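Take a look at the protein shown below. This report walks through a few of its parts, one at a time.

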Amino acid sequence: MARSEKYYGPDFNSLERQDPEIAAVVISELERQRHDLQLIASENFTSSAVLATMGSTLSNKYAEGYPGKRYYGGCEEVDKVEVIGIQRAKELFGAEHANLQPHSGASANVAVYQAFTKPGDTVLAMSLPHGGHLTHGSKVNFSGKWFNVVSYGVRQDNELIDYDQLRDLAIEHKPKMICSGATAYPSLIDFEKVRQICDEVGAIMWVDAAHFIGLVAGKAIPSPVPYADVVSFTTHKVLRGPRGGMILSKEKHAAAVDKAVFPGIQGGPIMSAVAGKAVVLKECATPAYQEYAKKVIENCKALANDLQSEGMRAVSGGTQTHLALIDIRSTGVNGKVADERCGKSGISLNKNSIPFDPESPAVTSGIRVGTAAITTQGMGKDEMKVIAGLIARAIKDGDDESKAKEIKSEIHQLTKKFSVYPEPSV
Ligand SMILES: *Cc1c(COP(=O)(O)O)cnc(C)c1O
C-alpha cells in the first residue's frame, strides 16, 4: 500500500471544512505560539512526531489494563507502543519500573498517594507559598482534604530548602511519605539528604519531578531515580513530550504503582498519548537532546543574570535549572500587574509568589520565567539579554497601549528568526 493510501490521522483540511469555528481557534493559537514569547516555565514546543501520535487513530482504542493483560480485545497493536515506551523509560532513567498511563502530572500524583498511603495519613511536602504544587497539600485539592499534609519550606536567608526543618518535621510527625519537588523552585534538590531523612523515619521517598525531569533525561542535572522509591512527573514540560504523566519506581513497588493507576484512579489509558511518550523518550536519548537540556540551563542562568542587570532580584541568587523566580519589588509593580503588562506586550509568563511574599497569592511580588520553550526555538545568550530588556520595558510601560504595541512588534521580529512549526513553503 502506498503511503498516501494509508490514513494516519490528523487531517486539518477536514476540520476546516467541517468546523471552521474550531479550526480558526487552532490556527490562531498556532499563530500565538509562533509569534509571542513563551516564557511559561511549564511549557514547551513538542515535536511534529509527537503531535502526529496524539492526533492519530490510537486515540480510538480502549486498553484498560496493561500489555498482555487487557480487559478489551484488539489490543495487540497498542500493546506494542506501551511495551516499547516502558522499555525506553527504564533505559533512559535507569529505572526498575515505569508506568506510562497517568493522564497528567496531577493524576500521577493521585496514584502515588493511592499506592503508598491511606486517607488521613501524614505526608511531608514542600509548602505551596515556597513553590510546592497544588497536589502537595493545598486545602482546595484532594491532597489537602484527604491527607494530613505537613509543609516544609525554604530558609529566609538563602531561599534554599531548609533540610534541618525538613528533618525536624519528619522526626516530629513521622510521615508515611516525604515528597520533594516543586513547581517554582529554581535550585537543585539534595536527593541524598532527603533519602537519609526518609530512612531515618521510615518514610517512602517520593520525588515529584514534573518540572525538571527533562533536565534529568538530558543528563544536565543529577537524577532522583537511584534514591527515590517513586518518581512522578509530567511529560509535557521541559521533557517536551505529549501532555501527560508518568511514574517510575523501584521494582518492589511496581505492583502497587500499577494497581494504583489502574484500576485505582483511572479507566482506559490514552494510547495516543502513551505512543507520544514513547516517541519523546527516544528523542531524549539523543546527544541533541542532551545538548538542549544543557542549553536550557545556560539560557536560564543568563536570563536571570540579565534581569538582575535590569534591577530585579533573582530568588536564591539565580538558578540551577530551567526556571527562575524573579522578585520584582524594585520595579514598584506587583506580579499580577507585571503579568498583565507582559501579556499585552506579547510576553507570556506568570506571576508567582516569592518566598515570604508580603503580597497575597493573587497579587504576588514576583514573576516566574522559564527557558524550555525559547531554547527549543534555538535562542541563546544574546537573545536572553534582549528578552530581559523587553521584560523590563513591558513591566514598566506595558499599560501604555502604544508602548505595549511597540514591544510586541519587537518580540515578533525576534520570534520570526526562531520560528517553531515553520509554515510550509508553498
Ligand atoms: C505541573 C506539575 C504537576 C501537575 O501536572 P499537570 O499535568 O498539570 O496535572 C504536578 N506537580 C508538579 C511539581 C508540577 O510542577
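The sections below cover the annotated domain, a sheet and its helices, a helix and a histidine.

## Model and domain

This is a predicted model. The UniProt record, an unreviewed entry, places the feature "domain: Serine hydroxymethyltransferase-like" at residues 15-391.

## The seven-stranded sheet

Find the open sheet of seven strands. Read across, the order is E4-E10-E9-E8-E7-E5-E6. The pairing is mixed. Strand E4 (97-99) and strand E6 (148-152) each have a single partner strand, so one side of each has no neighbour in the sheet. These two strands stand at the edges. On average, neighbouring strands are turned by 20° against each other, direction ignored.

E4 pairs with strand E10 (residues 245-249) in the antiparallel sense. Three bridges join this pair. Here His 97 stands opposite Ser 249 in E10.

## Helices on the sheet

Helix H4 (residues 76-93) lies across E4, strand E9 (230-234) and E10. H4 runs at about 130° to E4. Helix H7 (residues 163-173) packs on the sheet as well. H7 touches strand E5 (122-126), E6 and strand E7 (177-180). The direction of H7 makes about 155° with that of E6.

## Helix H12

Helix H12 covers residues 287-309, 23 residues in total. From first C-alpha to last, H12 reaches 33 Å. That is close to the 33 Å expected at 1.5 Å a residue.

Buried residues in H12 include Tyr 289, Tyr 292, Val 296, Cys 300, Asp 306 and Leu 307. After the helix comes Gly 311, with a positive phi near 100°.

## His 322

Where is His 322 found? His 322 is in the loop between strand E11 (313-314) and strand E12 (323-327). Is His 322 buried or exposed? Its relative accessibility is 1%, so His 322 counts as buried. The cut-off for buried is under 20%.

The side chain of His 322 makes a polar contact with the side chain of His 211, at 2.9 Å. Set aside neighbours within four places in sequence, and His 322 is in contact with residues including Ala 41, His 211, Phe 212, Val 238 and Thr 371. Val 296 and Cys 300 are also among its contacts, and both are buried residues of H12.

Conventions:
Residues are numbered from 1 along each chain as its sequence is written. This is a predicted model: local features need pLDDT of at least 70, side-chain atom pairs count only at pLDDT 80 or more; totals for chains, interfaces and linings use all residues. Side-chain values use heavy atoms; hydrogens and water are left out. Helices (H or I, at least four residues) and strands (E, at least two) are DSSP runs, numbered from the N terminus. The expected span of a helix is 1.5 Å times one less than its number of residues. Buried means under 20% relative accessible area, exposed over 50%, partly exposed in between (1.4 Å probe, protein chains only). UniProt positions are given in the numbering used here, feature names are shortened, and annotations may be inferred rather than shown by experiment. Two strands pair if DSSP finds at least two bridges between them. Axes are lines fitted to C-alpha atoms, for helices over the stretch in contact, and angles run from 0 to 180 degrees between N-to-C directions. Contact means heavy atoms within 4.5 Å. A polar contact is a pair of N or O atoms within 3.5 Å; within protein, one must be able to donate a hydrogen and the other to accept it, and residues adjacent in sequence count only if both atoms are side-chain atoms.
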